[in-house]
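Let's walk through this two-chain model together, starting where the chains meet and then moving into each one. Keep the viewer open as you read.

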Amino acid sequence: MPSETAAKKSDKRRGYRRPYALTEAVTHYCPGCGHGIIHRLLAEAMDELGIREKTIAVAPVGCSVLGYDYWRIDVSEAPHGRTPAVATGIKRVQPDKIVFSYQGDGDLAAIGTAEIVHAANRGENICVFFVNNTVYGMTGGQMAPTTLLAQKTQTTPGGRDQVVHGNPIRVCELLENLDGSTYLERVTIGSPANVRKAKRAALKAFRTQMDGKGFSLVEFLAPCPTYWRMSARDSIKHINEVLVEVFPPGVIKDNTGQE
Amino acid sequence: MSANQILMSGNEAIGEAAIRAGVDAYFGYPITPQNELTAYMSHRMLEEGRVFIQSESELAAVNMVLGAAVSGKRAMTSSSSPGISLKQEGISYLAAMELPAVIVNIVRGGPGLGNIAPAQSDYWQGTRGGGHGDYRTICFGPSTVQECVDLVYLAFDLSDKYRTPAVILADGRLGQMMEPVTFDHLEPPNPPEKPWALTGAKGREQQSIKSLFLDPDVLEELNVRLARTYEKIEQNEVRWETLQMDDAEVCIVAYGTSARVSKEAMKRARDEGIKVGLIRPISLWPYPYEPIRQAAETVRFFLVPEMSLGQMIEDVRLAVEGKRPVYHTGRVGGNVSNPKEILDAIRDCCEKV
């Protein structure tokens, strides 16, 4: 590991500037994990919109539960899957604040299915940043509701079988038909161009809330090299070639009236 | 009835008491026999410009309470037995995150779906923490509609003071019955400052409220801090009522609706010359062990009428420490003993001892 000074020099050389909303802490994430990139995108978006001091996040149960160590903002924990309910409670009593929930696929699309559907259906004026890496990371790589058919996990050792395990859930499409949802977009972090696109989606979600337009959700297709049993490079390739076929990126719904 | 008294059901009176206590947000989900409370809040909270949500589940309701609580606001949810089982997840988190909140349980028959008739079979759940982990919740057992009002108001203050959730354990009969109540004596709410609340990191360092402590030494610190809080509550917040214990040979220990019926049975027993007294726990946790311990020095035996097959009786036995016999009586399944049944139990026990 390079020393802090060396890292700073290297950062300087490459024009790196740490967003103020991102703390100095070194993340605990595995090499090649997508959370670091997404944390940074959100931090950049908060800085650019000048909302860091009035933003309150709700961290999920999952790899990103330690989000409060990495964002320089107020953060509450929530029981597994209840993140949108906690965010609802915060936003309703502090409507002038910006509230977002940050959730993984197990948290949001399995145990928290009721909470996400009803927060969207009520049109809660919150942002949800949904990280879909098709696997439970923190607990050791079990099948998630978004796990692809034939994908091997700790609990689908022979690959996910439709008959036995059901099908991958497309969350954006599930929420699309609810009248309460305003803005739903699926992005990937599979290339620098797509990372920039992902940041634009995060900015748009925050602006939707700032304008009082209601519920927005951005789904990030993100790599989990550790539990995909792939190199970081192959994981990116897997997103760009395989995941996007099952979870097509794009704007799923946009009633924001923004560009 | 004085001019300032109004006739209200227990459920509605609890709602109005919460409003007088300055509840900022109420989150509920339908379940009988507490629906009048949610219905009452659905219009009163909006009239007051406060937050009301009918949630998608009890799980969501208690976690919305958690969200309002981390924001430093006063929040309440209510339910009945099966719904309270679902809320235990959130209550454990509230306790671990040292968050104030008031949870009302209008107890019905159980286990399982049970029925919608009154019961006291959630005593263990209300007084032993209820969810996972090493924690307690303040737990009050009112026996009149007026006491529902007073204890709900107090529950908000104590919950804020000790930063721990408080439970109101009232049975379905109290929720449904109407009695005259007054709110005139309740002071305007005066919640303490909450510098720990999550309000945005403006002009200060970021804050977080959590219950995950991966380092065992750090989690142990939390457990010990919580235990110290519980010790303070045990020292300061024990509440009970004593009736005719001065010359009593028999001591009834009963709370809530069972205490009301016991009072009538006690009167009839005294008419027959059996000197019966009553200790009525008002705080079910912290429990009034001391007055019961003292009574064990003088009475022949204890009788514990409950609308369960014997839950609070364990606390009575803990206080008595085997010095005197402790008997149970009561009906279950949503039934309520009448005074004659309790009187018969007193007579039977007199023959045994």
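At what angle do helix H4 of chain A and helix H3 of chain B pack, and how far apart are their axes? H4(A), residues 83–93, and H3(B), residues 58–70, pack at about 45 degrees, and their axes are 7 Å apart. Axes here are lines fitted to C-alpha atoms, for helices over the stretch in contact, with angles running from 0 to 180 degrees between N-to-C directions. That angle makes H4(A) oblique to H3(B); under 35 degrees would count as roughly parallel, over 145 as roughly antiparallel, 65 to 115 as roughly perpendicular, and the rest is oblique. The crossing of H4(A) past H3(B) is right-handed, a label used if the near helix is turned clockwise from the far one by less than a right angle, with anticlockwise giving left-handed.

On the H4(A) side, the residues making this contact include Ala85(A), Val86(A) and Ile90(A), while H3(B) brings in, among others, Asn63(B), Met64(B) and Leu66(B). Two residues are in contact if their C-beta atoms, placed from the backbone, lie within 7 Å. The residues of this helix pair divide into eleven nonpolar, four polar and no charged.

A word on bookkeeping: residues are numbered from 1 along each chain as its sequence is written, and chains are lettered from A and ligands numbered from 1 in the order in which they are written. The model is predicted, so local features need pLDDT of at least 70 and side-chain atom pairs count only at pLDDT 80 or more, whereas totals for chains, interfaces and linings use all residues.

Now zoom out to the whole interface. Chain A puts in 28 residues and chain B 32. On the chain A side, strands E1 (55–59) and E2 (74–77), H4 and helix H6 (113–121) each supply at least two residues. H4(A) gives the most, with eight. The chain A side divides into 13 nonpolar, six polar and nine charged residues.

Next, chain A itself. It has eleven helices and nine strands, where helices (H or I, at least four residues) and strands (E, at least two) are DSSP runs numbered from the N terminus. Its radius of gyration is 18 Å, close to the 18 Å that the globule rule gives for 259 residues, so chain A is as compact as a globular protein of that length. The radius is taken over C-alpha atoms, and the rule is 2.2 Å times the number of residues to the power 0.38.

For a look inside chain A, find Phe100(A) in strand E3 (residues 98–104). Phe100(A) counts as buried because it has 28 C-beta neighbours inside 10 Å; the cut-off for buried is 20 or more, with 12 or fewer meaning exposed and anything in between partly exposed. Beyond its neighbours within four places in sequence, Phe100(A) is in contact with residues including Thr55(A), Ala57(A) and Ile126(A).

Chain B has twelve helices and 15 strands. Of its 353 residues, 54% count as buried.

Notes
Ala, Val, Leu, Ile, Met, Phe, Trp, Tyr, Cys and Pro count as nonpolar, Asp, Glu, Lys and Arg as charged, and the others, Gly among them, as polar.
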